[in-house]
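Subject: Structure for you to look at

Hello,

Here is the structure I promised to pass on. Please open it and keep it beside you while you read my notes.

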Amino acid sequence: MSESTVRRWRDELITLLAVQAPRLDRALKKVARQGGEVVLIDGTLIPTQRRTGRADRRNYSSEHHHHGPHFLALTDERGRLIWISTARPGRTHDNTAARQEHVLAHLRAAGLGTPADLGFRGLDNDVLDPVIVTGFHASRAHELTPGQKTANRVLAFGRAPVEHDFAHLKNWRSLTKLRTDPARATHLLRALLVLTNLEINR
């Protein structure tokens, strides 16, 4: 059997699995129907080998000091992955990706909230009824009060499950040795989302 045939079958299987991954609106509505009130959101980078040429510069993340695709993920309160975004260039900011995916509008439509890290500051400017809650940011001119530091610790503790599930997802060897074009990473990530949930639910 030729190598190209095996590669084609692999790609077809990944595509079939990827289409089973839920859309953002459906994933959030399912959480709401099951009585959930919040989901957890975070962004991360999947490190890849550096590709040559200027076109790959946008795939470099100055935050992580590595090349690779950036993506957002949502989990439920227990940390179970429910949705993965489209993979974007590594230099993409969490806020930018969330705006492009219309995360805020989908959360409001589903009646859900989410505690988020400082990477999502400014995404939700509704002071009276915020959906996306972020911690307090310290600066040279503004030190955090004890109350604000406590609030940040509580928020970080509540967000722990999403970090745990990211680690579980990244355990797949196909991601640790990812050499595929970042533009094709979306299908792979969504296929792994389906497989991860199948493994957890066994």
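**Arg 88 and its surroundings**

The side chains of Arg 88 and Gln 100 are joined by a polar contact of 2.4 Å. Bear in mind that this is a predicted model. Arg 88 sits in strand β6, which covers residues 88–89. Is Arg 88 buried or exposed? Arg 88 has a relative accessible area of 12%, and the cut-off for buried is under 20%, so Arg 88 counts as buried. A polar atom of the Arg 88 side chain also lies 3.2 Å from the backbone oxygen of Thr 86. Set aside the neighbours within four places in sequence, and Arg 88 is in contact with Gly 68, Pro 69, His 70, Ala 97, Gln 100 and Glu 101.

**The hairpin**

Now find strands β4 (residues 69–75) and β5 (residues 81–84). They run antiparallel, and three bridges join them. Leu 74 has Trp 83 in β5 as its bridge partner. The two strands form a hairpin, with five residues between them. In the turn, Gly 79 has a positive phi of about 95 degrees.

**Helix α2**

Which residues of α2 are buried? They are Leu 24, Asp 25, Ala 27, Leu 28 and Val 31. Down the helix axis, the buried residues of α2 fall within an arc of 165 degrees, so they line one face. Arg 26 and Arg 33 are exposed on the other side of α2. The buried residues of α2 pack against β4, β5 and α4. Just after α2 comes Gly 35, with a positive phi of about 90 degrees.

**The cores**

The largest nonpolar core has 21 residues. Leu 28, Val 39, Leu 74, Leu 107 and Phe 120 touch the most other members. At least two residues each come from α2, β4, β5, α3 and α4. The most come from α2, which gives four. In general, nonpolar side chains tend to be buried together in soluble globular proteins.

Take Leu 107. Beyond its neighbours within four places in sequence, Leu 107 is in contact with Leu 28, Val 39, Leu 112, Thr 114, Val 131 and Ile 132. There is also a second, separate core of 16 residues, including Ile 46, Phe 71, Ala 73 and Leu 192.

**One more residue to check**

Look at His 102, in the loop between α3 (94–100) and α4 (103–110). His 102 is not a glycine, yet its phi is positive, near 55 degrees. Most residues other than glycine have a negative phi.

Best wishes

Terms used: Residues are numbered from 1 along each chain as its sequence is written. This is a predicted model: local features need pLDDT of at least 70, side-chain atom pairs count only at pLDDT 80 or more; totals for chains, interfaces and linings use all residues. Side-chain values use heavy atoms; hydrogens and water are left out. Two strands pair if DSSP finds at least two bridges between them. A nonpolar core is a set of buried Ala, Val, Leu, Ile, Met, Phe, Trp, Tyr and Cys residues joined through side-chain atoms within 4.5 Å. Buried means under 20% relative accessible area, exposed over 50%, partly exposed in between (1.4 Å probe, protein chains only). Contact means heavy atoms within 4.5 Å. A polar contact is a pair of N or O atoms within 3.5 Å; within protein, one must be able to donate a hydrogen and the other to accept it, and residues adjacent in sequence count only if both atoms are side-chain atoms. The arc is that of the directions from the helix axis to the C-beta atoms.
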